[in-house]
Amino acid sequence: MSAVGIIANPASGKDIRRLVAQASVFDNNEKVNIIRRTLRALDALGVRRVLIMPDTAGLGLRALDGLRLSLDARIIEMPVYGDARDSTRAARIMAEAGVACIVTVGGDGTNRAAARGAGDVPLIPVSTGTNNVFPVMVEGTVAGLAAGVIAAGLVPADAVTYRTKRLELYVDGELIDVALVDIATSRDLFVGSRALWDPGRLREAVLAQARPGTVGLAAVGGCLTTLSPRNTHGLYLRLGAGGRQVLAPIAPGLVVPVGILEHRLLEAGEEVHLDPGNCTVALDGEREVEVGLQQTVAVRLTTAGPRVVDIEAALAEATRRGAFDLAWEAPDGPSGGC
Amino acid sequence: MAEISRDTLLWIYERMRLIRCFEDKVAELFAQGLLPGFVHLYAGEEAIAVGVCAHLTDRDYITSTHRGHGHCIAKGVDINAMMAELFGKATGACKGKGGSMHIADVSKGMLGANGIVGGGGPLACGSGLTAKVTGSDSVTACFFGDGAAEQGTMHEAMNLAAIWKLPVIFVCENNLYAESTPWFYHCAARDIADRGVAYNMPGILVDGTDVFAVYEAAGEAIARARRGEGPTLIEARAFRYYGHFQGDPLTYRTPEEEEEYRRRDPLDQFRRRVLERNLLTADELDAIDARAREAVEAAVRFAQASPYPAPEECLTDVYVKYP
């Protein structure tokens with residue numbers, strides 16, 4: 001019986017997209033509820049130990065407050081900075097502690113940060129918003145059950161997990177950061193309030209996923225082709241007016257024309273050099289890096305992304321193996337046919 | 001993010017530096033026993049006031065707090081009049097009878113610092129309603145702290161602003177401590193921005209140490225208010241370098257916490273980023289630093305040379321005179 005990690009990001013779901021688009025509001029109290037539901041599911045499956053990331057909003061502590069559980073759930077001891085460093089550090093500590101999987105509660109950014117520390121430990125990414133591509137909108141109870149069947153050894157993790165892609169960002173030849181879904185350059189000079197919602201400001205993008213049915217750059221790519229998280233290809237886009245135009249949901253509620261001047265498929269391992277010049281680089285839809293005039297920017301597509309649990313596959317396999325069958329007694333008396 | 005002109009960049013740095021110099025000087029003067037009353041200093045939070053006020057004109061309004069010097073400077077109140085007010089002189093913004101917590105200048109749209117925690121919310125609804133009724137395009141920015149966020153007045157104000165769709169933006173300056181109480185202790189929601197949805201207005205969280213983040217968020221919120229689409233709640237998280245008041249022993253926070261925030265200093269951050277992008281030169285920024293220091297020294301000289309109000313002025317401007 002292995003332990004399970006839970007990383008919940010208090011900062012997700014409250015950026016400027018609530019103001020400039022109609023992004024969903026995911027408050028901290030709901031995140032506490034998700035953690036509770038996850039813990040209850042883990043408890044029901046007999047998981048004995050859960051490690052929870054500490055955070056500035058005390059989500060984990062509040063989830064445990066008044067919750068009667070048989071399992072031993074602990075907030076791990078580590079410094080808390082209130083930014084992405086927390087998720088990375090927590091994932092590393094959890095991986096070192098030998099957890100079977102980590103349930104992440106947040107958005108693409110939360111998972112990117114967790115992936116940096118998780119190593120080979122699979123993630124169960126629970127989305128806390130409508131603008132996410134990497135995590136899935138799934139009920140916390142179900143995420144907890146999926147984590148539980150893996151931690152309890154009821155299904156082999158390898159059978160129900162898959163390896164995702166990773167986009168590596170190089171500035172002046174140095175690896176600066178990684179993304180899980182997309183990397184784009186924006187004409188914005190500053191990171192500012194981080195989100196991207198104006199396609200007119202985008203210059204180029206490299207996508208690890210292109211999927212109709214998503215929101216953001218992956219949806220723009222989804223207008224051209226479909227690249228699932230398991231497909232090893234990527235997609236390069238040069239954006240701007242004067243070429244092909246597609247209608248895409250660039251942010252929640254913002255379905256707008258997006259101009260595409262060029263697009264091409266990328267092979268795993270391929271490196272793309274983006275145009276230099278004053279710009280910001282957005283990782284998974286959030287401006288993160290400011291780049292000066294003289295600096296070079298390159299993106300490499302790899303298949304070295306985090307492992308992710310296929311929640312439905314995990315639960316289906318667990319069901320097939322009888323993991324949810326409790327003791328069954330034949331009713332008294334002659335059995336009736338039907 | 002909208003383009004920021006070179007002039008705006010210079011203005012932002014000049015205002016932030018002026019606030020920092022003003023507050024550091026006030027700390028020094030207060031420690032020397034030269035200022036009467038209490039002072040609550042804004043150093044560390046400059047990016048919030050300046051990032052918001054960069055979008056406002058004299059026809060727009062702000063309401064402020066007990067920690068109001070930064071708001072005054074960002075809104076263009078004369079620092080000579082501010083300093084004279086702190087010295088209790090007749091040339092002060094309130095003729096020397098208000099002091100630090102009551103500096104106001106209606107000609108600049110500055111409706112007053114406010115000694116009542118949470119007192120600015122209802123005032124902002126008043127100026128917002130005025131704009132709506134008169135059909136002007138004025139917007140009011142209501143600055144309040146994390147402590148004020150728990151006051152009934154602020155809940156009432158945000159509810160009222162939402163139901164009347166008033167052109168008000170509520171800017172919560174979460175400097176992490178309400179006096180000495182950590183925000184995560186007094187705030188059940190744990191993020192003040194989360195409350196926006198309950199008030200039926202957008203609620204967003206921004207880094208209050210990053211003037212570009214505040215500038216962008218405030219710009220969108222103010223434009224929305226001018227379009228008649230109603231209020232917005234912005235929680236900007238930053239850190240005050242000085243205590244709640246001057247003389248506060250600061251036993252409730254750790255040196256590591258302060259070090260972390262000093263690392264993100266709003267002015268250092270701005271300077272580094274605009275220089276890296278070749279948007280401004282070090283000479284230009286150094287010149288602004290020097291001018292700000294000199295302006296504050298001149299304000300002190302002005303205040304010290306000014307007379308105290310005459311005793312017979314004691315009740316002037318205190319009560320409204322009815323015909």
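In this predicted model, 26 residues of chain B are in contact with 26 residues of chain A, where contact means that C-beta atoms placed from the backbone lie within 7 Å. On the chain B side, strand E6 (203–207), helix H8 (211–226) and helix H10 (266–276) each give two or more residues; these elements are DSSP runs numbered from the N terminus, with H or I over at least four residues for helices and E over at least two for strands. H8(B) supplies the largest share, seven residues. That side of chain B splits into 13 nonpolar, three polar and 10 charged residues, counting Ala, Val, Leu, Ile, Met, Phe, Trp, Tyr, Cys and Pro as nonpolar, Asp, Glu, Lys and Arg as charged, and the others, Gly among them, as polar.

Now for a helix pair inside chain B. The axes of H1(B) (residues 6–31) and H2(B) (residues 46–53) come within 9 Å and cross at roughly 140°; axes are lines fitted to C-alpha atoms over the stretch in contact, with angles from 0 to 180 degrees between N-to-C directions. That makes H1(B) oblique to H2(B), since angles under 35 degrees count as roughly parallel, over 145 as roughly antiparallel, 65 to 115 as roughly perpendicular and the rest as oblique. Ile12(B), Arg15(B), Met16(B), Ile19(B) and Arg20(B) of H1(B) meet Glu46(B), Ala47(B) and Val50(B) of H2(B). These contact residues comprise five nonpolar, no polar and three charged.

Residues are numbered from 1 along each chain as its sequence is written, and chains are lettered from A and ligands numbered from 1 in the order in which they are written. As the model is predicted, local features need pLDDT of at least 70 and side-chain atom pairs count only at pLDDT 80 or more, while totals for chains, interfaces and linings use all residues.

Note on methods
Two residues are in contact if their C-beta atoms, placed from the backbone, lie within 7 Å.
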